[in-house]
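I opened this entry to record what I looked up, one topic at a time. The sequence and structure come first, then my notes.

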Amino acid sequence: MASNLTKKQRKTRNRIAVALGIFVLLEIASHLGAFDGPYGLWIEFACFLVPYLIAGYDVLAKAWHGIVHRQPFDENLLMSIATIGAFALVFFPEAEPHMAEGAAVMLFYQVGELFESYAVGKTRKSIAAMMDIAPDYANITGPDGTLEQVDPYDIKPGDEIVIKPGERVPLDGVVVSGKSQLDTSALTGESVPCVVEEGVEVVSGCINMTGLITVRVSRPFGESTVSRILELVENASEKKARTENFITRFARYYTPIVVGLALLIAVVSPLAFGSNWSDSVRSALIFLVVSCPCALVISVPLSFFGGIGAASRAGILVKGSSYLETLASTEAIAFDKTGTLTNGTFNVVAVHAEENVDPDLLLSYAAHAEAYSDHPIAVSVKAKYSGTIDAEQIAEVQELSGQGVSAQVKQHTVLVGNDKLMAAQGIPFHSCRLVGTILHVAVDGEYVGHIVIADVLKDDAAQAIRGLHEAGVKKAVMLTGDREEVAQAVAKDLGIDEVYAQLMPQDKVSKVEELLEATSERGKLAFVGDGINDAPVLMRADIGIAMGGMGSDAAIEAADVVLMDDKPSNIALAIRIARKTMRIVWQNIIFAIGVKVIIMILALPFIGIATMWLAVFGDVGVACLAILNAMRALRIAK
């Protein structure tokens, strides 16, 4: 622990060690009778004052500072009144002296504070280490051919940077030369390296492991993946959970109430019930020590901070503790389909040619007709075609809105499109038993067959739905703009409970409104999406979850939770982390308040069982146990 302490913490530790050494020697001397005699009580008073002031002078100074600035009610005031009062009992002739206990309370309070400071620092360092992904420099090739290190902010889109093995990728871009493996664990939590080569996109924050690569930058550093991640994590603490806000308000009103109650115990009890003055004052002092709200004020925010850190380690960015709290109450979850449950990339899965028609010839006509289109479906057709597209053989290309394309290919009129196109042209066509997008092809008005194109399900999509049901999510819903039969087939494969297809963006918002009304009073609705058209729905749901790898900037900005690895199966993990965090939060609240209330009751004059040592446990001991429990939120169950 010593090597991990800050300079300030080491100074505090040394001060406590000196005070504790003196305190132990004085306790031994007291038991050996060194303070017997006519002036022994005052000698003992003066001696125990030394370790008390060495250990607690800063607490007394903070309490005085609070009084002077009219903000007195905090734990420093409670501790100052309680310990000064313990020493002051020496002025009551009939009272039992408590100098040793007063010094001990201050000593162990400082030990607890040091431990709290260390625990909070360790948690912050753990998260900082996880998020230490910001690059210090970028390599560019200088005029003489040597590599120069420049600030990533100085690199513009279109510039080429060189990334050597062992270096962090400084900006987002596309590999233009070289081949290597990238460690993406800091971003996605994925331990298996990914292979990158010419034409492959890379994102900032990853570590280049094996080979030298040259990357053409696609966006400035301020808009890069690493900048977005750091901004999300830095802003997370600003969005506090309801529970965290409650504890903050609780502590604000709790302290003055406790001081008032202690005053009542000290004054009213002797006057109203005839209690002994010294016993009443002693009870009030114990009451003040045990009532210190450190356990709650430190452990609750630390629990949320740990939960956010654990999620970050798994590649799940939660933008604030309020969203972690909402995520824990998720009852229903709605998914977009394309890019969320599917890869968002279309592939040709079948070519069905008419009798006496060569399938390769059918694919050739379709690829030539779609040659000038950048639509994902057209791209998939061209990717499937193994031949070379001859641009000189293509003429009179015409996009037919909502239907397809018409073109002159090798002096033949070629139509490629959907059912509507064939019906509009009066060309008989065949339906297909396969699920997917059907591209019909006709040449010179004669039907020659069709091509089946489908979006491939993500590898972990079925596991994601299964994991959500196992985590207690009652209903999984899919909202998509795709055709009904495609949506139903995907839902059946994945085990989704409800499907709503052929929805426009505004229809999705309306459907989310209906789903929100159907959830229980305490239940929450989450929506998962990746596209620009999903941004309104992400904002309308109780909690929005966006795909961070291939998701649009608008979706990531609108979402409350971002999955950096685009794996929907991590949603169940996020919910488990959120629920574990909330369990820890409520364990700490119930434990801390419960123990303190019991000791407060035992400290009342007419009961009088509680001692100052028990009060020390009720404050420092409970705080340390609560903080240890809070640190469990950092760990992720395998």
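**Salt bridges**

I began with charged pairs and found nine salt bridges in the structure. The model is a predicted one, and I kept that in mind throughout.

I looked up D172 and R219, whose side chains form a salt bridge with an N to O distance of 3.5 Å. I placed D172 in the loop between β3 (160–163) and β4 (173–177), and R219 in the loop between β9 (213–217) and α6 (225–236); the pair therefore ties together parts that are 47 residues apart in sequence. I then asked of D172: buried or exposed? D172 has 4% relative accessibility and counts as buried, because the cut-off for buried is under 20%. R219 has 24% relative accessibility, so I noted R219 as partly exposed.

Next I took E197 and K179, a salt bridge in which the closest N and O atoms are 3.9 Å apart. E197 sits in the loop between β6 (194–196) and β7 (201–202), while K179 sits in the loop between β4 and β5 (180–183), so this pair ties together parts that are 18 residues apart in sequence. For E197 I noted a relative accessible area of 39%, which is partly exposed. K179, at 53% relative accessibility, counts as exposed.

K511 is buried, with a relative accessible area of 15%, and E514 is partly exposed at 45%.

**Nonpolar cores**

I turned to the nonpolar cores and asked which residues have the most contacts inside the largest one. They are F48, I316, I333 and I571, in a core of 103 residues. Helix α19 (residues 570–603) supplies the largest share of this core, 15 residues.

I listed the contacts of F48, leaving aside its neighbours within four places in sequence. F48 touches F23, L26, E27, F35, F87, M99, A100 and A103. Apart from this core I found another, of 21 residues, which includes V409, V416, I451 and I453.

**Helices α8 and α19**

I went back to α19 to see how it lies against helix α8 (residues 277–290). Their axes come within 9 Å and cross at roughly 175 degrees. Angles over 145 degrees count as roughly antiparallel, so α8 is roughly antiparallel to α19. I noted the residues that meet: S283, I286, F287 and V290 on the α8 side, and K596, I599, M600 and A603 on the α19 side.

**Helix α11**

How many of the 11 residues of helix α11 (residues 359–369) are buried? I noted eight, so the helix is largely enclosed by the rest of the structure. The buried residues in α11 are L362, L363, S364, Y365, A366, A367, H368 and A369. At the start of α11 I found a side-chain oxygen of D358 within 3.1 Å of the backbone nitrogen of D360.

**Whole chain**

The chain has 20 helices and 22 strands. Of its 638 residues, 50% count as buried. I also looked up contacts between residues at least 6 apart in sequence, and 65% of these join residues at least 24 apart.

Terms used. Residues numbered from 1 in each chain as written. Predicted model: local features only at pLDDT ≥ 70, side-chain atom pairs only at ≥ 80, totals over all residues. Heavy atoms only, no water. Core = buried A, V, L, I, M, F, W, Y, C linked by side-chain atoms within 4.5 Å. Buried < 20%, exposed > 50% of the residue type's maximum accessible area, 1.4 Å probe, protein only. Helix = DSSP H or I, 4+ residues; strand = E, 2+ residues; numbered from the N terminus. Contact = heavy atoms within 4.5 Å. Salt bridge = Lys/Arg side-chain N within 4 Å of Asp/Glu carboxyl O. Polar contact = N/O pair within 3.5 Å; in protein donor to acceptor, adjacent residues only side chain to side chain. Axes fitted to C-alpha atoms, helices over the stretch in contact; angles between N-to-C directions. Parallel < 35°, antiparallel > 145°, perpendicular 65-115°, else oblique.
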